[in-house]
Amino acid sequence: MEGEVKMNILKKIVSAVRGGASELGELIVDSNGTRIFEQEIRDAENYLRKAKHDLTDVMAKQMQSSRQVESTRQEIRQHESYAVKALKQNDEALALEVAEKVSTFEADLEEQEAVLAAFTDHVTRLKTLVKKTERQLADYERQLSMVKTTESVQKASASISDNYASTSSRILSAKDSLDRIKKRQQETYDRMEAAEALEKEEQGDLDERLEDAGITPQPKSAQDVLDRIKREQA
């Protein structure tokens with residue numbers, strides 16, 4: 001009984017250690033997750049480029065096979081026309097010989113069409129796979145971009161939070177300094193406006209005293225203007 005208890009405890013310890021190791025491994029992987037994901041995407045892009053290169057090779061062979069099939073079909077049509085001409089000339093032996101040639105071409109054509117069908121099927125499957133991989137890569141790149149952006153924003157936010165306590169006093173001091181500068185500037189503007197107002201007021205008083213003393217020209221009334229016009233007409 002005691003041995004079983006010890007064994008159960010030992011199993012729990014091992015499980016706990018394994019669980020801790022798993023969590024540690026996940027932390028290590030997550031801490032480098034962005035870098036690992038970027039490398040995986042680069043590897044996938046390299047594989048995709050190679051797949052496209054291989055696809056072009058298969059497509060080239062498909063085109064060659066297609067031309068070969070068409071060439072054999074032309075040979076069959078041509079030799080069938082030869083057989084018809086031989087029959088028209090009542091040359092049964094020659095027609096039979098040509099027919100044997102046609103039979104050989106038809107056997108070749110059957111093999112060539114099978115090869116062409118295999119190439120065509122392979123090209124179709126490769127194109128589908130390439131397009132699917134391209135969509136997956138595009139999706140992974142979008143996810144990576146969002147993760148990196150979120151990570152940058154979170155780091156910036158954490159940095160601001162961490163440094164707020166240490167920098168808040170400096171920020172407040174700088175704000176107080178800015179407020180003092182603005183206050184001094186406003187005071188300067190006020191003094192300038194006051195000086196301009198005083199100058200205008202003094203200039204107005206002087207003009208009024210000169211006018212009362214008859215030194216400055218008096219404004220002419222409408223009657224004065226009319227009297228002058230009459231004198232000019234006399």
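Here is a quick briefing on the fold, the confidence and a few side-chain details of this chain.

This is a predicted model, where local features need pLDDT of at least 70 and side-chain atom pairs count only at pLDDT 80 or more, while totals for chains, interfaces and linings use all residues. Residues are numbered from 1 along each chain as its sequence is written, and side-chain values use heavy atoms, with hydrogens and water left out. The protein chain has 4 helices and 0 strands, with helices (H or I, at least four residues) and strands (E, at least two) taken as DSSP runs numbered from the N terminus.

**Confidence**
- Mean pLDDT (the predictor's confidence in each residue, from 0 to 100) is 77 for the protein chain, and 67% of its residues reach 70 or more.

**Overall build**
- Reading along the sequence, you get α-α-α-α.
- Of the 234 residues, 11% count as buried (under 20% relative accessible area; exposed is over 50%, partly exposed in between; 1.4 Å probe, protein chains only).
- Take the contacts with a separation of 6 or more: 79% of them come from residues 24 or more positions apart.

**Two residues to look at**
- Gln-62 sits in helix α2 and counts as buried, at 18% relative accessibility.
- Leaving out residues up to four places away in sequence, Gln-62 touches Leu-116, Phe-119, Thr-120 and Val-123.
- Asn-90 is in the loop between α2 and α3 (92-212), and its relative accessible area of 71% makes it exposed.
- Phi of Asn-90 is near 60°, a positive value in a residue other than glycine. Most residues other than glycine have a negative phi.

**Salt bridges**
- The count is 6 salt bridges, each a side-chain nitrogen of Lys or Arg within 4 Å of a carboxyl oxygen of Asp or Glu.
- Asp-54 and Lys-50 pair up at 3.1 Å, N to O; both lie in helix α2, 4 residues apart, about one turn of the helix. Lys-50 is exposed at 52%, while Asp-54 is partly exposed at 31%.
- Glu-134 and Lys-52 have their closest N and O atoms 2.6 Å apart. That pair links distant parts of the chain, with Glu-134 in helix α3 and Lys-52 in helix α2, 82 residues apart.
- Arg-73 and Glu-113 meet at 2.7 Å, N to O. Arg-73 lies in helix α2 and Glu-113 in helix α3, so this bridge ties together parts 40 residues apart in sequence.

Definitions and conventions:
Contact = heavy atoms within 4.5 Å.
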